[in-house]
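Morning, everyone. I have one structure to walk through today. Please look at it first, and then we start with a helix.

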Amino acid sequence: MVLDTNNLPRLATDPSGRALGLDLPAGRLLDETYQGAWGEPLMWLADARAVPGQWSAQGAARRAAGLVPVLVDVGGPSGDPEGWDLMCGNLSRPEDLGDEEMLAILWEEIREGRAEGAVAPFDVPWPGLAGAVPPDAGPDAQAAEIADALSGSGSWLKEPRLALVPTGRNADIPAAIGWTGSLNHVDDPGILSAVLRGWEERFGTRVVALTADRIVLSVAAPPTTTEQAEDVAVEHAAFCPDGLARSRHGALDDYAAHEILGRRTWIHHWD
C-alpha cells in the first residue's frame, strides 16, 4: 500500500524518532537501489544486532508513524540491503492484483515451462486457493514471538537487525523496498506482496524477517488438518517452487505434513 507520507526523511534530523513517538537505537536510512539512489528512503536500518523485545516495544507508535517493523539479516554473503539489488521501478501495485490470479499465473508458468516433463504437483491445472483457517492467536502477538526468537542468541539468522519500512501494511514490505530475492522466479515484488496479502487475510501471516533470498513469515492460523495443509502446500509451490524442490520433503504431501501442518513459521527460500 503506497502511503501519502513517508516519515523516514524526518529521521535524518531526528534520529531517535521521538517526534514520531519512537525511541530508536542508532541507525541509518537506506535509499540505494539497483537503479541508483531512490528519491526517498526505503527503510531505516539499525546499526546493531536486534534484541528480543525490539519488535513489539513501540508497535502502536510505529503504526501511527506509518512504519512497519521487519528483521533484516545483514550477515549473509550479500551483506546489508544495499547489496541486495533492490529494484523499485516499474513495480506492480499489490492492491491492483489478486492473490488467486497471481498464484494461478505462477502455477501455469511453471507447468508450461516443464511441458511434457511436468511432475507432481504441476502435472495438473491450477486447483484453486486453500480455504481460510480461523486464527487461534493474534497475528501481531505471534509475529512478536517469532521476532523475539529470531533476535535471540539461538537464531539461525546470522546478524538480524531491526528495520522500519514505510508502508500501510506488513504484507507490502517486499513491494515497498523492491525486494529481489525471488528474482529467478518472480521478478516483480508487487506480485509477492499480492500473495502475502491473501495469506495475511486467510492465515494471519506477517513478514517477520528478510534475507537476500528468504522471506520468513509468522503464522497465526496454520492449517490444522492434513487436507488444509496440502491445499496450502499447493500455494507454497506456486509462490516458491525452489522451496518445495529443496525440501527433504519434496513430495507435496510430505512437505505439507512437515513444513505447513500446525507450523507457526513459514520460510520461503529462492535459489
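Start at helix α7. Its buried residues are covered by, among others, α3 (99-114), α6 (189-203), α8 (241-246), α9 (252-260) and β9 (265-269). Which residues of α7 are buried? They are Ala229, Val232, Ala233, Val234, Glu235, His236, Ala237, Ala238 and Phe239. Buried means under 20% relative accessible area, exposed means over 50%, and partly exposed is in between, with a 1.4 Å probe and protein chains only. The element names come from DSSP runs, numbered from the N terminus: helices are H or I with at least four residues, strands are E with at least two.

Before going on, the ground rules. This is a predicted model: local features need pLDDT of at least 70, side-chain atom pairs count only at pLDDT 80 or more, and totals for chains, interfaces and linings use all residues. Residues are numbered from 1 along each chain as its sequence is written, and side-chain values use heavy atoms, with hydrogens and water left out.

Now the length of α7. The helix has 14 residues, 226-239, and at 1.5 Å a residue should span 20 Å; its end C-alpha atoms are 20 Å apart, so the two agree. The expected span is 1.5 Å times one less than the number of residues.

Helix α4 gets the same check. It has 13 residues, 139-151, which should span 18 Å at 1.5 Å a residue, and its end C-alpha atoms are 18 Å apart, in agreement. Buried in α4 are Gln142, Ala143, Ala144, Ile146, Ala147, Leu150 and Ser151. They pack against α1 (54-57), β5 (67-73), β6 (160-166), β7 (205-210), β8 (214-219) and β9.

Next, the core. Which residues touch the most other members of the largest nonpolar core? Leu210 and Phe239 do, in a core of 56 residues. A nonpolar core here is a set of buried Ala, Val, Leu, Ile, Met, Phe, Trp, Tyr and Cys residues joined through side-chain atoms within 4.5 Å. Contact means heavy atoms within 4.5 Å.

Follow that to Ile173. It sits in helix α5, residues 173-177. Its relative accessibility is 0%, so Ile173 counts as buried. Beyond four places in sequence, Ile173 touches Val68, Pro69, Val70, Val165, Thr167, Ser193, Val207 and Leu210.

For contrast, take Asn184, in the loop between α5 and α6. Asn184 is exposed, with a relative accessible area of 66%. A polar atom of its side chain lies 3.0 Å from the backbone oxygen of Asp271.

Last, the whole chain. It has 9 helices and 9 strands. Buried residues make up 53% of its 271 residues. Along its principal axes, the C-alpha trace spans about 60 × 40 × 35 Å.

Key. A polar contact is a pair of N or O atoms within 3.5 Å; within protein, one must be able to donate a hydrogen and the other to accept it, and residues adjacent in sequence count only if both atoms are side-chain atoms.
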